[in-house]
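Please take a moment with the sequence and the model below, and then follow the text from the sheet to one of its helices.

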Amino acid sequence: MPRPNQLYLFLPGTKSEPNKYDDLLSMAAYAGYKTIGLSYDNTANLEKTCANSCGCYGPARRDVVSGTNLSSAVSVQAGDSITYRLYLLLKELHARDPLAGWDDFLSRDNHNQQIEFTDIDWDAIVVSGHSQGAGHAMVISKTEAVDGILLFDGGDDDCMSGVRTYAQWHDWPDIPSPRRAFIHDRPGFSVPAAFIAMEFGVTSSDFVSLDTTWPTSFEVATTSKAARPGCTAHGSMAYDGCMPDALGNEPATPADAYLFPFYVDWMCEVGS
């Protein structure tokens, strides 16, 4: 069913561009959304630059989202931030097709000649991302009410500072919104404490394996389907040519991807 007033915004992982995720973006379009895969400054590997400094991740991610200068761990020009690039892209899409409604997502623009995070109508947007991009999506959702959240093998910043096992930003208040996360099953997997802090579940048992049960009422699902040769398990959750087909070891297209029905189901669920 078309969703003309809803946008699916996808944020790629570290040093990745949206064209690595064409199949996943096609799934969102199939679910009826206006769909954007956004290029932004994702060159810094936060796991390396922040490492075990739990207080580093929140300011660094805010720099990437809004082009602020809160962290010395990253250096993001305002024009390369998620906010700035999304704003200009929506303006350009509206100029090219004025009747398509792209400017609806800028309904909060106060026209003060500055590009600001609050100019964007986030409550009409499902924010999504893979790896690093999933963490930025989650930070956006903790800053403004969004239409929904869909994460692919990311969203949690693990660290070890004193007794902490995850970054402080996970404890920022959660703004209610439908949220789902897909994670590749790892040996001894349990939902990370960061996911529980972000209200993806109450206990570490609040997840389901796609290999055995679907549909599911859980908000976190895992799969242990094998990636094709040359792909990592992490990449198999989202990269073109790496997502498994029903046999679990071949590159997949949206037509035969093992993950396709699960992803589309949750893309439909998270958007109100």
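In what order do the strands of the open sheet lie, and is their pairing parallel or antiparallel? The model is a predicted one, in which local features need pLDDT of at least 70 and side-chain atom pairs count only at pLDDT 80 or more, while totals for chains, interfaces and linings use all residues. Residues are numbered from 1 along each chain as its sequence is written, and side-chain values use heavy atoms, with hydrogens and water left out.

The open sheet has 7 strands in the order S2-S1-S3-S4-S7-S9-S8, with parallel pairing; strands (E, at least two residues) and helices (H or I, at least four) are DSSP runs numbered from the N terminus, and two strands pair if DSSP finds at least two bridges between them. Strand S2 (33–37) and strand S8 (208–209) stand at the edges with a single partner strand each, so one side of each has no neighbour in the sheet. S8 is joined by 2 bridges to strand S9 (residues 220–223), which runs parallel to it, and Val208 has Ala221 in S9 as its bridge partner.

Helix H4 (residues 82–96) packs on this sheet, touching strand S1 (3–11) and S2, where contact means heavy atoms within 4.5 Å. Its buried residues (under 20% relative accessible area, with exposed meaning over 50% and partly exposed in between, for a 1.4 Å probe and protein chains only) are Ile82, Thr83, Leu86, Tyr87 and Leu90. These residues pack against S1, S2, helix H3 (57–66) and H5, whereas the face of H4 turned away from the buried side carries the exposed residues Ala95 and Arg96.

Key
Axes fitted to C-alpha atoms, helices over the stretch in contact; angles between N-to-C directions.
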